[in-house]
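Trainee: Please take me through the salt bridges closely, and through whatever surrounds them. I want distances and cut-offs.

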Amino acid sequence: MESLVTNLLNGLSWGMLLFLISVGLTTIFGVLGILNFAHGSFFMLGAYLCMQVMHVVPSFWIGILIGPLAVALLGIVIEKLLLRKVYGRDITFQLLLTFAILLVLDDAVRIIWGPGYHVVDAPKILAGTIPLFAHSYPVYRIFLVIIGPLIGIALWSFFHFTRWGKIIRAAAVNREMAEGVGIRVPLLFTAVFAFGTWLAAFGGALAAPHQSVAPSMGESIIIESFIVVVIGGMGSFPGAFAGALLLGLLESFGTVFAGRAQMALPYILLALVLLIRPRGFFGREA
Amino acid sequence: MRNKLLAVILIFSMVGFLGISPTWAAKPVKLGFTYIMSGPFATYGQFAKKGALMAVDEINKAGGILGHPVEAYFEDSTGKPDVALRAIRKLVYQQKVDCLIGLDSSGVAKSVVPSIPQMKTPLIITHAATPDVTGSVCNRYTFRVSLNLAQNVKTAARLAAQTKAKTWTTIGPDYAFGHQSWEYFQKYLKEIKPDTAFISKDQVAFPPFKTSDFSAYITKVMQSKPDGVLVSLWGGNLINFIRQGSEMGFFNGDFEVLITLGAATEVLSALEDKMPEGLWVGSRYWFLANQSALNKTFVKNYYNRYYEYPSYNAHGSYGAIYSYKKAAEKAGKIDKEAIIKALEGLKVDLPVGTIYIRPEDHQAVTDACWGKTAADPDYPIRILKPMKIFKGVDITPAVNQTGCTMK
């Protein structure tokens with residue numbers, strides 16, 4: 001029983017971090033049609049900027065508030081100056097461009113903060129552990145398990161019940177029609193990209209007390225987020241949630257029960273989904 | 001007016017140029033370094049570069065090697081064997097280096113080493129720890145001045161034998177280094193204490209390199225209820241593992257923990273007081289292990305130059321350059337073949353202590369240091385107290401056990 005609960009919490013907390021980064025990735029794809037390789041770098045920047053803010057004001061809450069916002073501003077600049085040029089063009093242009101952005105951001109981080117590892121403290125209220133059966137479990141991980149679904153619900157409500165959410169979904173389905181009814185689509189695209197960037201950076205800031213902040217920390221997570229997005233369905237919001245949960249649980253239980261085969265499990269799942277339901281669990285018909 | 005200004009600038013810049021360019025007459029000794037300079041493990045390349053640059057500056061200030069100034073060329077291996085081999089070829093054929101130094105990853109080292117004899121240039125390995133490069137794939141061009149995995153793990157086995165632990169398991173990176181560490185640990189511990197039990201293959205934990213959440217592996221190891229755990233994770237992986245492990249009660253004292261590379265300064269500096277106390281940790285070089293004047297000066301100069309304590313990789317590149325210098329002085333020339341002969345059986349005083357490069361397999365016999373992590377008000381990081389030094393001769397496997405047949 002104890003191991004079941006521990007593994008469940010391990011899987012859920014990791015899944016929730018994956019969800020935060022995947023949901024931004026999938027939203028940007030769904031609305032802008034861009035496959036953003038640099039998304040992991042925004043995740044990394046979120047962690048670094050949160051840490052940087054905390055050097056000035058030693059509060060995690062202020063760090064997680066300001067850090068991701070700064071990254072979102074950078075997102076606006078990148079969208080206006082660079083991404084705009086490749087909308088609707090061949091996918092190779094997008095891949096090359098976003099990959100170039102990834103390389104530049106990774107190097108910039110190394111130049112500014114150096115190549116070393118950094119540790120960010122969890123806020124006092126979330127530090128420490130709570131007893132869980134015979135052992136203890138970190139409070140911060142439980143916080144992740146709780147905050148993930150809350151953000152999920154907030155996002156879902158935004159897309160389904162607010163005017164802006166509906167406009168974004170409309171623009172995603174048919175850009176020309178949206179423009180025809182007077183929606184300023186370029187502005188909307190900028191806003192959506194900034195929002196997706198913010199989500200990635202927010203995920204990075206949340207991950208900072210949980211893993212070491214280091215260059216290229218985005219590169220490892222981006223692959224898993226791509227798996228999540230493909231499994232869940234490209235551009236699908238509930239898909240990102242389900243995919244992230246599934247992958248998180250698969251990794252925690254797989255590690256314990258599947259031994260070394262665990263490494264292959266996410267890819268087997270990916271292959272199965274692509275074979276049986278190529279558009280993903282919640283993907284729209286192409 | 002403008003022309004005058006231009007002339008003045010020109011003159012000044014020429015004076016400056018003459019001022020900084022060394023007035024050497026002899027042709028330079030070229031050393032070519034290949035380390036991981038980009039990607040998640042770029043830290044290691046940066047440390048190596050810091051150590052190398054300091055040694056080069058010191059040597060040039062003191063008159064060079066046999067009167068030749070030293071020039072350093074750095075290339076990025078990116079941690080990939082094919083890239084590393086290309087970098088090495090570039091150094092040998094384009095830069096025409098006299099000696100190659102470097103290599104961080106065991107995987108890279110093992111696949112690059114067999115190609116070195118074609119280039120007829122000595123290679124001094126400073127970091128990559130696989131026993132194979134001075135074992136099954138050894139050759140007369142390849143040397144290693146740092147502690148290898150077998151020596152490090154043999155020390156771990158000796159420490160393990162002194163504990164009450166009867167059943168051991170491991171958590172290590174899922175590639176050659178992690179698996180070989182476990183394999184050698186079992187072998188050496190069995191030799192000392194034959195009744196030791198080891199947790200079965202499917203219950204030990206080998207998280208993939210890219211893992212950043214270790215909770216599932218931590219849970220897995222704790223559930224297997226071992227008496228002792230050998231940890232061979234390193235770098236960022238080790239930092240994440242220790243933080244997440246402390247929160248989940250891994251270091252509460254339910255079992256012994258031996259961390260083979262836990263005394264790496266970059267790990268200790270990142271963790272600071274979050275490194276639990278009382279854990280056995282090892283390293284290839286520990287800056288407080290040796291009380292010699294040489295080591296004290298090295299640590300002081302390094303600290304004054306970079307504002308941090310030297311890591312083992314900084315010491316590795318630093319030591320390799322001084323080993324090269326000593327070999328050149330022994331040979332009396334910088335001819336490649338003469339250097340190779342001089343490196344064989346060479347004894348060099350380095351900050352780590354005196355190392356002896358065995359002529360039979362080209363592995364350095366060098367001391368190993370382990371210690372228990374402890375807080376100390378004089379240092380921002382955990383230091384080792386008590387500290388145990390293992391003599392190189394006691395922990396280096398005999399030549400006939402290395403599998404090396406020198407070609």
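**Salt bridges and their surroundings**

Mentor: B:Asp132 is buried, with a relative accessible area of 10%. Buried means under 20% relative accessible area, exposed over 50%, and partly exposed in between, with a 1.4 Å probe and protein chains only. This is a predicted model: local features need pLDDT of at least 70, side-chain atom pairs count only at pLDDT 80 or more, and totals for chains, interfaces and linings use all residues. Residues are numbered from 1 along each chain as its sequence is written, chains are lettered from A and ligands numbered from 1 in the order in which they are written, and side-chain values use heavy atoms, with hydrogens and water left out.

What does B:Asp132 pair with? B:Lys110 forms a salt bridge with B:Asp132, and the closest N and O atoms are 2.9 Å apart. This pair links distant parts of the chain, 22 residues apart. B:Lys110 sits in helix 4 (residues 106-112) of chain B, and B:Asp132 in the loop between strand 4 (123-125) and strand 5 (142-144). Two definitions belong here. A salt bridge is a side-chain nitrogen of Lys or Arg within 4 Å of a carboxyl oxygen of Asp or Glu. Helices (H or I, at least four residues) and strands (E, at least two) are DSSP runs, numbered from the N terminus. B:Lys110 has 40% relative accessibility, so this residue counts as partly exposed.

The structure holds 15 salt bridges over all chains. B:Asp376 with B:Lys385 is one of them, with the closest N and O atoms 3.4 Å apart. B:Lys385 is partly exposed at 46%.

A:Arg110 and A:Asp107 form a salt bridge, with 3.5 Å between the closest N and O atoms. They are 3 residues apart in helix 4 (residues 91-113) of chain A, so about one helical turn separates them. An α-helix has 3.6 residues a turn, so residues three or four places apart point the same way. A:Arg110 counts as buried at 11% relative accessibility. A:Asp107 is partly exposed, at 41%.

Next, the bridges between chains. Which residues form a network? A:Asp121, B:Asp273 and B:Lys274 are linked in a network of salt bridges. The side chains of A:Asp121 and B:Lys274 meet at 2.8 Å, N to O. B:Asp273 lies in the loop between helix 10 (265-271) and strand 10 (280-283) of chain B. This residue is exposed, with a relative accessible area of 55%. B:Asp273 and B:Arg382 are 109 residues apart along the chain, yet 7.0 Å separates their C-alpha atoms.

Now the interface around that network. Chain A brings 36 residues to the contact, and chain B brings 36. Contact here means heavy atoms within 4.5 Å. About 2,900 Å² is buried between chain A and chain B, and carbon and sulfur atoms give 53% of that. A:Tyr117, A:Val119 and A:Thr255 lose the most area in chain A, together 23% of what that side buries. Buried area is the accessible area (1.4 Å probe) that two parts lose on being put together, summed over both.

Across this interface the rule finds 2 salt bridges. It also finds 13 residue pairs in polar contact, both residues at pLDDT 80 or more. On the side of chain A that touches chain B, helix 1, strand 2 (135-138), helix 9 and helix 10 each supply at least two residues. Helix 1 of chain A gives the largest share of that side, 5 residues. The residues of that side divide into 13 nonpolar, 17 polar and 6 charged. A polar contact is a pair of N or O atoms within 3.5 Å; within protein, one must be able to donate a hydrogen and the other to accept it, and residues adjacent in sequence count only if both atoms are side-chain atoms. Ala, Val, Leu, Ile, Met, Phe, Trp, Tyr, Cys and Pro count as nonpolar, Asp, Glu, Lys and Arg as charged, and the others, Gly among them, as polar.

Last, helix 10 of chain A. Its buried residues include A:Gly248, A:Glu251 and A:Thr255. The buried residues of helix 10 pack against helix 1 (2-32), helix 5 (139-161), helix 9 (217-232) and helix 11 (265-276) of chain A, together with helix 8 (215-223) of chain B. At the start of helix 10 of chain A, a side-chain oxygen of A:Ser236 comes to within 2.9 Å of the backbone nitrogen of A:Gly239.
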